[in-house]
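Hi everyone, thanks for coming.

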Amino acid sequence: MTTNRIVESDQMSQESGSDEEQPWIQEYCMMFGHEYFVEVSNEFIEDDFNLTGLSSIVPFYREALDMILDYQPDYQIKSESLPIIHHSAELLYGLIHARYILTKPGLQAMAGKYEKAVFGTCLRVHCEGMYLLPIGRYDQVGIETVRLYCPSCNDIYLPSSSKYLHIDGAFFGTSFAILFVNMFNEIQRRVNLIPKQIFDLKLFGFKINKIAPSGPRMKWLRQYPTNSAEEEELQRCKFEIPTLETESETDVKMGSD
């Protein structure tokens, strides 16, 4: 009996020791409210090119980087500086994370979470439970928290749980969602299968006028092309912004016709 207890105690000590040696990145991504994050590979972080410009944004940059990579510092850090360095490490990892998810390995890692609906589903009835994607409206930190983007209705929403409201939107950035949708064509195929329905208020069976105060507001945001000419115009507007010169040239062509 005594021998078994010794073996069990040794196993428990080994397990507790293994928990203490858990990498910083893995531990950070497993924290409560950090389900949106993926684990960035050490190879990506160790490449100085991927960290260009971050040293001027993050205080205690070198100490924070060493903490993320589990490197032992060359000198002893004061205990009163540890909370600041830990905060800088979280800030630095978030900015690195925003760059990592734009790469192919990062997009594939986020795809694993997307398939499991980790980011939630759209609450809009006509989107039929479309999976959401995390997105930031700004690439600068400290402006706004993370939002969730729906590829079906092209709108953004707040996370359903308050545990995600402390995550900075810059940790996902403004470009991730569109790159993700363009990389995985099955998302666009599913969007095309969803009927483009818009809810209209009715009063005793009659639709409310569009210009009424209680009518459908911002309806133009959810309008879709109905013919090939409108589809061609939509595709052209996605990649270019009309200028005064192009508008004048168009007027001249129309006048000549």
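Let's start inside H4, where Tyr61, Glu63, Ala64, Leu65, Asp66 and Ile68 are buried, buried meaning under 20% relative accessible area with a 1.4 Å probe and protein chains only. That is 6 of the 8 residues of H4, so this helix is largely enclosed by the rest of the structure.

A word on the source: this is a predicted model, where local features need pLDDT of at least 70, side-chain atom pairs count only at pLDDT 80 or more, and totals for chains, interfaces and linings use all residues. Residues are numbered from 1 along each chain as its sequence is written, and side-chain values use heavy atoms, with hydrogens and water left out.

Helices here are DSSP runs of H or I with at least four residues, strands are E runs of at least two, and both are numbered from the N terminus. The protein chain has 10 helices and 5 strands.

So what covers the buried residues of H4? The cover includes helix H2 (24–29), helix H3 (42–46) and H5, with contact meaning heavy atoms within 4.5 Å.

Now for H5. H4 (residues 61–68) packs against H5 (residues 82–100) at about 75 degrees, the axes being 8 Å apart; axes are lines fitted to C-alpha atoms over the stretch in contact, and angles between N-to-C directions run from 0 to 180 degrees. The two helices are therefore roughly perpendicular, a label for 65 to 115 degrees.

On the H4 side, the residues include Leu65 and Met67, and they meet residues of H5 including Leu92 and Tyr93.

Finally, after H4 comes Asp70, with a positive phi near 60 degrees.

Technical notes:
Angles under 35 degrees count as roughly parallel, over 145 as roughly antiparallel, 65 to 115 as roughly perpendicular and the rest as oblique. Buried means under 20% relative accessible area, exposed over 50%, partly exposed in between (1.4 Å probe, protein chains only).
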